[in-house]
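Please look over the sequence and the model below before reading on.

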Amino acid sequence: MILGYSQALDSLRDSLDLCVRGSGQVVLVNGGLASGKTELLQEFSEISIGADALQLSATGSRGESDMQLGVLWQLFHSAPLPSEMTEQLSRYFGREMMDSAVPDVDQEAERYSDARVMHGLFTMLLGLSQERPVVICIDDMHFADEASLQVILYLRRRIRSARIMLVLTEWVRPDLLHSVFRTEVTRYPYHRISLGTLSLCHIAELIGERLDDPARSAELASPYYALTGGNMLLVSGLLEDNFPGGQPAREAGEPVPGPAYRQAVLDCLQRWDLHLFDVARGLAILGPDATAELLGRLLSMKPDALARQLDILGKAGLLADGRLRHPEIVATIRATFSAEDTARLHASVAELLYERGAEAIEIARHLVKAGTAKMPWAQQILRRAAQQALVEGEADFATDALELALLESQDEKEHLELQSLLTHVAWWVNPSAAARYLESLNTALFEGRLTQQDALAVVRQLMWQGSVGTVAEHMEAMTCGFGPSDTRALTELRLSYEWIYGSPREHDTDSIRGRRGKTAHTRSVIGSEAHAATSLYSLWDQGSRDDLVSSAEHILQGRLIDTIPEAGATAILLLDHAGHPKRAAHWRDVLGAEADRQGAITWQAMLGGVAADMALRRGGLVAAEAQARGALDLLPSQSWGALIGFPLATQILAATAMGDHEQAAELLDQVVPESMFDTVFGLRYLHASGHYHLSVGRPFAALSDFERCASLIRKWGLDLPAFMPWRSDLAQTHLALGQRKRARALLVEQLDRLGSGGDLRCRGISLRLLALVSPLEGRIPLLSDAIGLLERSEDHLEVARALADLSQVHQELGELGEARLLARRAEQEAKACNAEVLSALQLKRTPSRPAVKQQDEQPSAAEGATALSEAERKVATLAAFGHSNREIGRKLYITVSTVEQHLTRVYRKLNVQRRADLPSGLSPQFGANGESQRPDGRSLRSA
């Protein structure tokens, strides 16, 4: 019966009690690898010494098994003996043996196994036992030399009535035992103790000795067992790592393997059979592919020999289900490999798996670890494995597999195909990672050396890089070459182009004609199936809702790996803008879960941007900011490329609306690629930047952003209020400047363009702003209509603003009760959005009854501005308009350091602390763009 450690120790105590009472005892302790035999013997030795027994001990060793009488020599040197006994031993064995550090190995065993000598030794030990009990402990008896074994057997046969106790330990390895010796030992009555691995209870006891918390000790027993399998040596090492000096190394939590644990693993494997470590290394290399058959072939071991080794490892607790039980054990063993050994073994495993017909991805894992793909079948295996890995959410491994294939590829066509695959796979997790292949692939695409599928991956990468002209050119060629089976892929690519760039540009057409010599117009080619590029944005406002939902969900129902993220994002946003927010949220969650499962980082980032946009449209500022920030964190800025404006603009708008102007300013200070301003997201960025400047009291900087945005919108044919309400943006700016007439004209124009069936949210915002420039008596119906529309669109932020404006109107009409009620509602809506207090801003921005009719004019210069030099005035003016130090330096052709020095002097002369405090009217002759201006605000250059 296998005993636990505590039970075994109790059994030894019982035998010692019998020995003390005059009954000689023989105890044979056996156990598997590192089962605690040595620890048990050491602890029992302390107990026997405490019982005033004479303790004689020795340890057998593989390396000393041929050293005759080596074990016996250890016994007689393990404890101080009386001088007369030393003299007697000298007469029996020769003085040179007793005085030397080690016995003379050249002497013959027969000399020391002479019956006369053995009887003399027994008589001497018997005499000692009459004074006090004698306990002889020999560890690893199976390694003892033959001469020592003969002496031990002589003693064993004669100690039945003596106060002598013989404790021997051995491995559970029949092939290593001396069969004659063991037969003689077990021929007479003896006690047998078989040790197994430690139980959970015993592990909990060991932890409890170091941690004064029984409940916690019991909880920790399971994770300790998971790491050790109850192996005494490993448990001891793990305890040493986590309780150095007997004290917790950290708050008592899950055990953390350290140096002692890793050394215990190696000691456990190296102290046993010489081949045991080889078997463990083979298991570490094979990993989840490990089977007895495959392991035997890898190590060239016969099945029965391998079975014995695996049995040893299993009984020692190192295996679980035939494999190394814990990754830390695997890592410890692998750390002993040289680079050459690792490559050789993994290459061998790959060969074996290929011969067995294993899955491509299983074979490829070993090829990648081996770093070689020279086998004739390796290229095809790596490509198939990459495709499988991508489906299973292992994009990083797919990249590794394809890069190895590319490294070993010698064929030019195959080289291009692998580069295209790498571009597709790398884009899945990090679009910028594929940039190194883009130049050669772009050239190959122009030369017609890529397949249509490979071309798609290249064009998508170019879109993200902002190469609008090149993208349009490639798409024209692809449209001409695609067949009916490619309709979905091309449609999604067109949808992505429209979402990123809007309508095709005329300069793109010129580029196409120049490089390809074709006469077809890009606008007609790209827009043929999607009903012209502007249809994407016009659908948000006036397209067929049934057709829209059907088309959008058709795109979203495809496999994630086959759907372009930009097209998926567009489809979700179309559903949201078309009045189907629940369907949009459903698909966002479905695709998000699939992207998480597959590890599709780019998809996750894109869907984060979509979620942020949807939250912002409903006034969910906290959620919008968090989702946008999360999307930006998922991909580095260079991977976002020209699309960075999508989440960045949302985050800026959310921070601005929450009154976190410092964060918004930091976001606007980030360097963005110039190519972003060739995309629709550049317009969103300008829109966000303008609202930030407006909120911090820099209307001229806001005016510059909104006018630039409006100019690009008209140029690109995207003048759709539902897409970008630039007229209401400009109207708010003119209101801040007191230019009510201009503001009203813009708002009326925007409402006319929206019509009665336009976007509810945009129409509600327009009506709210129109009320601010209308007579007092006409504001209530306008604001009431605005609130109704905004509530239907579920934009709580704009509802809060409209309620605050309506509260102000009732206050001015003397209806204070109604004003207070509306103010409370506005405050509740604002708090729900986490927006800054709105009513005070509304009162400050839009005085309802100006004493004097406002004229379109520039504000006066700030007091104290006359003390500024011309250079300081220019720098201060641009700073007041919201330009960064870097932008000011570029405009004025001075260094950033010089800009900072000028601003320091400006702050001191004007007695201000920061940029936001600078007056915007410092120089009527110097505009927001760094150009001299006329009194009416127009640039002299443009005039």
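In which helix is Asn442 found? Asn442 is found in helix H23, which covers residues 435-446; helices (H or I, at least four residues) and strands (E, at least two) are DSSP runs, numbered from the N terminus. At 17% relative accessibility Asn442 counts as buried, where buried means under 20% relative accessible area, exposed over 50%, and partly exposed in between (1.4 Å probe, protein chains only). Leaving aside residues up to four places away in sequence, Asn442 touches Val458, Leu462, Thr470 and His474, a contact being heavy atoms within 4.5 Å.

This is a predicted model, in which local features need pLDDT of at least 70 and side-chain atom pairs count only at pLDDT 80 or more, whereas totals for chains, interfaces and linings use all residues. Residues are numbered from 1 along each chain as its sequence is written, and side-chain values use heavy atoms, with hydrogens and water left out.

Taken as a whole, the protein chain comes to 49 helices and eight strands, and 55% of its 943 residues count as buried. Among contacts between residues at least 6 apart in sequence, 70% join residues at least 24 apart. The chain exposes about 40,900 Å², of which carbon and sulfur atoms supply 50%; accessible areas come from the Shrake-Rupley method with a 1.4 Å probe, and for residues only the protein chains shown count as cover.

Helix H15 (residues 292-299) has Leu294, Leu295, Gly296 and Leu298 as its buried residues, and these pack against helix H14 (276-286), helix H16 (303-315) and helix H18 (339-356). After H15 comes Ser300, whose phi is positive, near 55°.

A search of the whole structure finds 32 salt bridges, each defined as a side-chain nitrogen of Lys or Arg within 4 Å of a carboxyl oxygen of Asp or Glu. One of them joins the side chains of Arg629 and Glu625 (2.8 Å, N to O), and because these two are four residues apart in helix H34 (residues 621-634), they are separated by about one helical turn. Arg629 is partly exposed at 37% relative accessibility, while Glu625 is buried at 7%. Another salt bridge links Arg727 and Glu749 (3.3 Å, N to O); Arg727 lies in helix H40 (residues 726-736) and Glu749 in helix H41 (residues 740-754), so the pair ties together parts that are 22 residues apart in sequence. Here Arg727 is buried at 3% relative accessibility, and Glu749 is partly exposed at 36%. A network of salt bridges links Asp576, Arg617, Arg618 and Glu794.

Patches are made of residues with over 30% relative accessible area and no salt bridge, with like charges joined within 9 Å and nonpolar side chains (Val, Leu, Ile, Met, Phe, Trp, Tyr) within 5 Å. Helix H37 (residues 661-669) gives the largest share of the negative patch, three residues, and Asp669, which has its place in that helix, is partly exposed with a relative accessible area of 44%. A patch of positive charge gathers Arg708, Arg886, Arg890 and Lys891, its largest share, three residues, coming from helix H48 (residues 885-892). Arg708 has its place in helix H39 (residues 699-715) and is partly exposed at 39% relative accessibility.

How values were computed
Lys, Arg positive; Asp, Glu negative; His and termini not counted. Charge placed at Lys NZ, Arg CZ, Asp CG, Glu CD.
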